[in-house]
Amino acid sequence: MPPIVHVRGLSKRFTVHKKAPGLRGSVRALFVRDKLVKDAVRGVSFEVGEGEIVGLVGANGAGKTTIVKMLAGIIHPTSGQARVLGHDPWKRHNDFRRQIALIMGQKAQLWWDLPAADCFLVLKEIYRIPADRYRRTLDYLADVLNIGDELNVQIRRLSLGERMKMELIAALLHTPKVVYLDEPTIGLDLSAQRAIRGFILEYRERHAPAMLLTSHYMEDIERLCERILIMREGEIVYDGRLDQVVRKHAGYKVLTIHLQEQVQGVCETPELAAVGEVQECNEELIRLHVPRREAATAAAHLLASYPVADLTLEEPEIGDIIERIMAAQKGAPA
Amino acid sequence: MSPRLFLHVLSVETRKLMSYRVEFWLNTAVGFLAQFGAIYFLWKAMFAESEHSIIGGYSFDEMLLYYVSAILLTKLVRGRERESALSQEIYEGSYTRYIIYPTSFFRYKYAQHLGALAPASVQVMVFGAAAAVAIGPRTLETISMTSVAMTMVIVAIANLLHFVMKAPVEGVAFWADNVWSLDVMLRFIIGILGGAMLPLDLYPTWAQELLVWLPFQYITYFPVRVLVGEVGGIDFAIGVAIALFWTAVFAGVVRIVWKRGDLQYTGVGI
């Protein structure tokens with residue numbers, strides 16, 4: 001099946017004006033403006049297929065949202081190509097716009113002064129949704145997201161969680177084939193986050209859209225995405241299955257031992273440093289990163305050296321690995 | 001944009017503004033009374049000081065009629081500018097939604113702009129009736145059904161003209177963070193050259209002749225003259241043609257500014 005989102009060598013360069021702080025800087029800026037050129041995205045290429053949820057992961061300023069903005073047609077790229085549902089997004093053809101949705105956790109798209117029900121009716125007209133389909137879809141979305149009387153409350157009077165649910169309904173009323181989710185759970189409490197995640201999965205199950213998700217919450221990524229793109233300084237440094245990121249980028253396992261009794265000075269013993277990198281150590285618990293190939297030897301060595309009550313050997317947290325990759329300096333091994 | 005969507009947006013906007021009852025009555029009443037009061041006392045003093053009963057061809061009552069008509073018609077021409085502040089949409093990044101939604105930004109905003117006119121129309125009728133009583137019915141004798149019908153035509157055109165005249169200035173927000181000062185400047189220019197501050201009859205003849213060919217007087221002065229029955233059929237047709245010409249010119253400018261500005265848009269806030 002051909003990919004729905006097809007990106008080749010996409011780049012975006014922003015030029016912003018700098019201003020020195022203070023009154024002097026303000027006065028100077030009236031006459032001379034210094035430019036700052038920033039390559040937000042550098043030649044990225046990837047594809048997203050039908051029913052796929054791809055996570056865009058990266059530190060702040062890595063270029064995730066810029067990619068989403070380009071693929072939604074909001075901003076024009078500096079170079080490169082992108083085809084979404086066969087369209088150039090930034091040409092903003094109505095046929096393209098009728099099939100996409102953008103959900104932004106940090107920015108309300110609905111009209112603040114209107115109740116959600118009125119906003120949805122405006123969207124019904126914008127997307128030309130037939131009345132019976134509109135009613136069916138709205139009932140379904142409201143039911144899944146557990147929305148009731150809130151539909152008749154002005155958007156600005158809703159809680160953040162309720163507003164986000166309304167944004168989701170608004171974005172999906174027209175059953176888009178491509179959905180961009182930019183930080184959809186930001187600022188939400190745990191139960192609201194879970195509800196939104198569950199809803200996204202259910203929606204994917206039912207309609208199989210191509211979805212591109214950016215989030216700083218690793219749980220969003222872990223629960224929703226099978227595939228991730230890790231971005232660093234505008235470039236994609238990893239594109240692959242989420243479970244394979246461990247194999248590819250984590251050459252270690254996490255070895256944890258609980259001691260039977262308190263052992264004085266255990267953290268200073270040279271055996272520990274010899275078997276791995278100590279992450280956490282006190283008189284009752286030791287946690288190490290040990291080389292993957294030497295994990296069994298390291299475990300046997302520690303069992304023989306200390307009074308061990310319990311020993312576990314685990315794969316590292318995916319979030320930790322991603323953070324390591326993101327935090328690594330450009331050019332340095334991740 | 002389908003006519004159905006246009007009417008829907010218009011109706012939603014009307015309902016939204018009508019729901020702010022306190023603002024609907026209080027703000028408008030205070031605004032109108034403040035303007036009317038200032039004009040009344042200013043011209044009363046000027047007539048008294050000049051010791052003439054006619055200034056620039058206007059008696060005191062005619063002058064009041066001019067200003068009341070100008071204030072009320074300008075309300076219909078300008079609408080509630082806040083509701084359609086295009087620059088604000090760009091500055092705050094909410095312009096993004098109109099890029100995502102399959103609809104025309106300008107038609108959407110114009111539907112909103114027209115929706116905001118419904119409450120303004122009610123206010124115009126209420127304050128117009130109150131002012132008519134205050135000024136005295138004799139002064140209103142020149143207003144006829146025909147002049148009211150002609151006024152409705154020119155006000156509709158003036159409304160669109162004003163909208164497209166402002167849009168390029170608002171579009172500067174693609175490049176500059178704040179276009180408020182430009183907006184004030186434009187409002188001032190329209191006020192001075194359009195007849196909202198002074199009837200254009202008080203200007204030198206050469207200026208009056210020049211202003212006929214510029215767009216500004218079709219915002220206020222021309223509609224007021226049409227309303228009070230001072231514009232005949234041919235002059236009306238010429239005025240309408242000039243206003244339509246400028247509307248087309250500014251619509252072209254809007255297109256250019258927006259096309260270039262769009263390339264600068266960064267969708268702030270997300």
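## Exercises on a two-chain model

Two salt bridges are counted between chain B and chain A, a salt bridge being a side-chain nitrogen of Lys or Arg within 4 Å of a carboxyl oxygen of Asp or Glu. This is a predicted model, in which local features need pLDDT of at least 70 and side-chain atom pairs count only at pLDDT 80 or more, while totals for chains, interfaces and linings use all residues. Residues are numbered from 1 along each chain as its sequence is written, chains are lettered from A in the order in which they are written, and side-chain values use heavy atoms, without hydrogens and water.

**Exercise 1.** Find the partner of Asp262(B) in a salt bridge.

*Solution.* Start at the side chain of Asp262(B) and look across to chain A: Arg92(A) meets it, at 2.7 Å from N to O.

**Exercise 2.** Describe how chain B and chain A touch.

*Solution.* First, take the contacts (heavy atoms within 4.5 Å): 31 residues of chain B meet 35 residues of chain A. Next, take the buried area, the accessible area (1.4 Å probe) that two parts lose on being put together, summed over both. Here that is about 2900 Å², with 58% of it on carbon and sulfur atoms.

**Exercise 3.** Decide whether Leu30(A) is buried or exposed.

*Solution.* Recall the cut-offs: buried is under 20% relative accessible area, exposed is over 50%, and partly exposed lies in between (1.4 Å probe, protein chains only). Leu30(A) has 69% relative accessibility, so Leu30(A) counts as exposed.
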